[in-house]
Amino acid sequence: MSGLKGVLLMAYGTPEDLSDVGPYYREILGGREPSPEAVAALTERYQAVGGSTPLLQITRSVAALLEERLNRDGGAAGWRVYVGMKHWHPFIAEAVDRIVADDVDELVALPMAPHYSRMSIAGYRDALEHSLRSAASSIPVRFVESWHANPVFTALIARRIEEGLRGFDTPTDAEVLFTAHSLPARIVDEGDPYPRELAESAAAVADAVGLGSWRIAYQSAAKTGTPWLGPDILESIEQLAGEGRRDVLVVPFGFVCDHLEILFDIDVAAMRTAADHGVRSARIEMPNDSPDFVEALLDLVTTGAGGRTVLLRG
């Protein structure tokens, strides 16, 4: 027994430059070839945000800060924090190879998304279990499949909202619009807990802030020809404008760092729609690699507060 404990932070993945967009898209589609038009559209979105996003750099920074924080108190065990991506390098399988090579005794696996859905978080679990089997590893794993109710995370988002509202002339008149990634609407009939978890955590944050008015919208739906969860954020902004609301604070609490769904879908597309409808709009600062976000992850890893875990073995 090495006495070494591990944490695996898992995120979606992002192309490192524009030449990676096509292969990245193919990976998302499970090896199927995307159409040239689809690749061109995604490439254009990455071009609009400078050619790439800081998702990987931020996740690695969070990992380094969390590792330092976990080891700060010393002790015999020791912690090491790893990074694995679901759809790009370093893949989850690459991280598992390092975990096995380091002879980690036990592992906490933590997707960098607070709310559970079988269509999102279950994919991380599947990739992890497949990688553990391929590595012939029997490391005990505590997989944190949901952590939207973690009190440190709730307080973090509440503080971000309070800071964001201070940017408006009349903060009490601003509408708070919570957003998360849309998913196919059929998950509701399948009993998926995703919409319920979003409603629960939005209500908890709103209560912590003391918000009088707020609502939830979805963003970043794919164009598949089938219904996705709504209302879409652009529709919600248009509705707010029609109601005479002129100040909107966007709170993408379904995400934890700056990547394409924030830098383009919010900062470009949503803000453009708001401006076109005479709405003054801003968004909260994302958790990214801030000290309070690292403390939230520390709390999840060490106490499990507000998290729902599944025990796995390789």
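Visitor: In what order do the four strands of the open sheet come?
Guide: The order is β6-β5-β7-β8, with parallel pairing. Strands pair if DSSP finds at least two bridges between them. Helices (H or I, at least four residues) and strands (E, at least two) are DSSP runs, numbered from the N terminus.

Visitor: Which are the edge strands?
Guide: β6 (214-219) and β8 (280-283); each pairs on one side only.

Visitor: And this is what kind of model?
Guide: A predicted one: local features need pLDDT of at least 70, side-chain atom pairs count only at pLDDT 80 or more, and totals for chains, interfaces and linings use all residues. Residues are numbered from 1 along each chain as its sequence is written, and side-chain values use heavy atoms, with hydrogens and water left out.

Visitor: Back to β8. How many bridges does it share with β7?
Guide: Four, in the parallel sense; β7 covers residues 247-251. Val 248 has Ser 281 in β8 as its bridge partner.

Visitor: Which strands does helix α11 touch?
Guide: Helix α11 (residues 265-276) packs on the sheet and touches β5, β6, β7 and β8. Contact means heavy atoms within 4.5 Å. Its direction makes about 165° with that of β8. Axes are lines fitted to C-alpha atoms, for helices over the stretch in contact, and angles run from 0 to 180 degrees between N-to-C directions.

Visitor: New topic. Where does helix α9 lie?
Guide: Helix α9 (residues 233-242) lies across β5 (175-181), β6 and β7. It runs at about 145° to β6.
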